[in-house]
Amino acid sequence: MSLLEVRNLKKYFPVGGGLFSRRSGEVKAVDGVNLAVEEGETMGLVGESGCGKSTLGRSILRLIEPTGGEVYFQGKNLLAMSQRELREMRRQMQIIFQDPYASLNPRMRVGEIIGEGLEIHKLAKGKKKRDRVMELLHQVGLREEHYDRYPHEFSGGQRQRIGIARALAVSPTFIVADEPVSSLDVSIQAQIINLLQELQEKMHLTYFFISHDLRVVEHISHRVAIMYLGKVVEIASSDKIYRDAKHPYTRALLSAVPIPDPERKKERIILEGDVPSPVNPPPGCAFHPRCPYREDICDKAEPKLEFGADSHGVSCHVFGPGKRV
Ligand code: SF4
């Protein structure tokens, strides 16, 4: 059994419907996503801005209510749970946000921020809570004297360490990391990713790591899912995605990433046009207006995510399993 299994998950947002206007449609931010995350692995989720990846992460945790589908965590459907059951389950499912400053209360001291979850879940208070927070400060590379300081006294990288300590405080098993390094300098990004990897090994954590940047998820992800306009279009082991991507969208994303290895050949694929509106996605394959390989069928029928024998899933009429290599 997978630790997390997402079945046909959807999140649609209404468009229009203000005080004096009628609802005029809906944005299909997440539109029928299926995927599973195994215990102890990191699943990277990559796509351009606006493709629905953060909405997917939040829908999995039920931080926003999905429109439909199922999310099984440890075999239990989160969408069928009462608020009380969900609260208990949430202890095991935490989130690290993109902007560490915006997500930390500027009026709270670091010790209070990190220890808040311990109080909410009645795990520790008083000296026990303080000791646990001190231990967490050490684990994320901060020092005891940071306990009484405020978020504005820290650098971006340190603030993200505080965000990580807060997520770890309640001893979760699963963490959604939503663009956790994209607001940081490149040198600091590597430190935070290394820290997340160390913590994963020590604490046997499972990550759902969201990023718009394929380069960022390469070293931390065991598998990678590529998302385009609310759907997963390719999913495979990290090695297959980076060395043998099939979907033209994945290949276009990869072609924009600088690769230091001269052995790895690279074709540059320039995408035509902008990302289409998710309110009115193109018919058939939603990627067809930008795809240099489109064929007659591509604007007529929607391709399904199909898996080859090697668990490499591709949603494409032309490059899917058993089709063109
Ligand atoms: Fe391109 Fe057609 Fe494949 Fe879509 S289905 S990615 S348009 S080749």
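I'm working from a predicted model.

**Entry 1**

I began by tracing the strand order. I found an open sheet of eight strands, and its order reads β6-β7-β8-β3-β9-β10-β12-β11. The pairing in this sheet is mixed. Which strands sit at the edges? I noted β6 (93-96) and β11 (306-307), since each pairs on one side only.

Then I checked how β11 is held. Two bridges join β11 to β12 (residues 313-314), and the two strands run antiparallel. I wrote down one partner pair here: Glu 306 is bridged to Val 314 in β12.

**Entry 1: helices on the sheet**

Helix α1 (residues 53-60) does, and I listed the strands it touches: β3 (42-46), β6, β7 (174-178), β8 (206-211) and β9 (223-228). The direction of α1 makes about 150° with that of β8.

I also looked up α5. Helix α5 lies across β6 and β7, and it runs at about 175° to β6.

**Entry 2: α5 against α6**

How do α5 and α6 sit relative to each other? The axes of α5 (residues 156-168) and α6 (residues 186-203) come within 10 Å and cross at roughly 20°. An angle under 35 degrees counts as roughly parallel, so α5 is roughly parallel to α6. I noted the crossing of α5 and α6 as right-handed.

I listed the residues that meet. On the α5 side they are Gly 157, Gln 160, Arg 161, Ile 164 and Leu 168. On the α6 side I have Ile 188, Gln 191, Ile 192, Leu 195, Leu 196, Leu 199 and Met 203. Sorted by class, the contact has eight nonpolar, three polar and one charged residues.

I moved to another set of strands. β1 (residues 4-16) and β4 (residues 68-73) pair in the antiparallel sense over five bridges. One spot I marked is Val 6, which stands opposite Val 71 in β4.

β4 is also joined to β5 (residues 76-77) by two bridges, and these strands run antiparallel too. Here Phe 73 stands opposite Lys 76 in β5. The hairpin of β4 and β5 has two residues between the strands.

A reminder to myself: most residues other than glycine have a negative phi. I then noted two residues that go the other way.

Gln 74 is in the loop between β4 and β5, and its phi is positive, near 50°. Is Gln 74 buried, exposed or partly exposed? Its relative accessible area is 30%, so I wrote down Gln 74 as partly exposed.

Lys 122 is in the loop between α3 (110-120) and α4 (126-139). Lys 122 has a positive phi of about 55°, although it is not a glycine. With a relative accessible area of 74%, Lys 122 is exposed; the cut-off for that is over 50%.

**Entry 3: Arg 62**

Last, I looked up Arg 62, which is in the loop between α1 and β4. Is Arg 62 buried or exposed? Buried means under 20%, and the relative accessible area of Arg 62 is 10%, so Arg 62 is buried.

What is Arg 62 in contact with, leaving aside its neighbours within four places in sequence? I listed Leu 78, Leu 79, Ala 80, Met 81, Gln 83, Leu 86 and Arg 90.

Methods
Residues are numbered from 1 along each chain as its sequence is written. This is a predicted model: local features need pLDDT of at least 70, side-chain atom pairs count only at pLDDT 80 or more; totals for chains, interfaces and linings use all residues. Side-chain values use heavy atoms; hydrogens and water are left out. Axes are lines fitted to C-alpha atoms, for helices over the stretch in contact, and angles run from 0 to 180 degrees between N-to-C directions. Helices (H or I, at least four residues) and strands (E, at least two) are DSSP runs, numbered from the N terminus. Angles under 35 degrees count as roughly parallel, over 145 as roughly antiparallel, 65 to 115 as roughly perpendicular and the rest as oblique. A crossing is left-handed if the near helix is turned anticlockwise from the far one by less than a right angle, and right-handed if clockwise. Contact means heavy atoms within 4.5 Å. Ala, Val, Leu, Ile, Met, Phe, Trp, Tyr, Cys and Pro count as nonpolar, Asp, Glu, Lys and Arg as charged, and the others, Gly among them, as polar. Two strands pair if DSSP finds at least two bridges between them. Buried means under 20% relative accessible area, exposed over 50%, partly exposed in between (1.4 Å probe, protein chains only).
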